[in-house]
Amino acid sequence: MRLRVEFTTEPFDLDEAPGHALVAREVIQGADLDAVDVGPFGNTAEGGADAVLTAVDALLRRTLAAGATRVSLQVNVIEDPGAEGDR
């Protein structure tokens, strides 16, 4: 199963990235994921279910410890182009 996670951390700071946002970027870019898109107002990552769920666990634990007061996330099951029946 493949998953896509979209997330943001708060509070926002438009002048510079807060520490919790830098930690989120570090966690998601260091995870064993297939696709990562990090932006100023939202982040997206895709990969196998185990890799995404492991990354989400680390993301929540580390960003909250780094000062995030809110983490909004959405996880979706996406089509796996390599799976049988998708051809």
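Q: In which strand does Glu46 lie?
A: This is a predicted model, where local features need pLDDT of at least 70, side-chain atom pairs count only at pLDDT 80 or more, and totals for chains, interfaces and linings use all residues. Residues are numbered from 1 along each chain as its sequence is written, and side-chain values use heavy atoms, leaving out hydrogens and water. Helices (H or I, at least four residues) and strands (E, at least two) are DSSP runs, numbered from the N terminus. Glu46 belongs to residues 43-48, which make up strand S3.

Q: Is Glu46 buried or exposed?
A: A residue is called buried under 20% relative accessible area, exposed over 50%, and partly exposed in between (1.4 Å probe, protein chains only). Glu46 has a relative accessible area of 17%, so Glu46 counts as buried.

Q: Which side chain does a polar contact of 3.3 Å join to that of Glu46?
A: A polar contact is a pair of N or O atoms within 3.5 Å; within protein, one must be able to donate a hydrogen and the other to accept it, and residues adjacent in sequence count only if both atoms are side-chain atoms. Contact in general means heavy atoms within 4.5 Å. Leaving aside residues up to four places away in sequence, Glu46 touches several residues, including Leu33, Val52 and Ile78. At 3.3 Å, the polar contact of the Glu46 side chain is with the side chain of Arg2.

Q: Which residues does Ile78 touch, not counting residues up to four places away in sequence?
A: Ile78 lies in strand S4, residues 70-78. With a relative accessible area of 15%, Ile78 is buried. Beyond those sequence neighbours, Ile78 touches Arg2, Leu3, Arg4 and Glu46.

Q: How far apart in space are Ile78 and Leu53, C-alpha to C-alpha?
A: In sequence, Ile78 and Leu53 are 25 residues apart. In space, C-alpha to C-alpha, Ile78 and Leu53 are separated by 14 Å.

Q: What pattern does the chain follow, read along the sequence?
A: The chain has two helices and four strands. Among contacts between residues at least 6 apart in sequence, 69% join residues at least 24 apart. Along the sequence, the elements follow the pattern β-α-β-β-α-β.

Q: Which side chain does a polar contact of 2.9 Å join to that of Thr9?
A: Thr9 sits in strand S1. Because its relative accessibility is 9%, Thr9 counts as buried. The 2.9 Å polar contact links the side chain of Thr9 with that of His20.

Q: Which element gives the largest share of the lining of the largest pocket?
A: On a 1 Å grid over the protein atoms alone, a pocket is an open set of points where a 1.4 Å probe fits, with protein on both sides within 12 Å along at least five of seven lines; lining residues have an atom within 4 Å of a point. The largest pocket holds about 320 Å³ of space, a volume being the space filled by probe spheres set on points joined across faces, edges and corners. Of its 20 lining residues, those closest to the centre are Ala17, Pro18, Ala21, Gly39 and Pro40. The largest share, four residues, comes from H1.

Q: Is the peptide bond from Glu10 to Pro11 cis or trans?
A: Most peptide bonds are trans. Pro11 is placed in the loop between S1 and H1. With omega near 10 degrees, the bond from Glu10 to Pro11 is cis.
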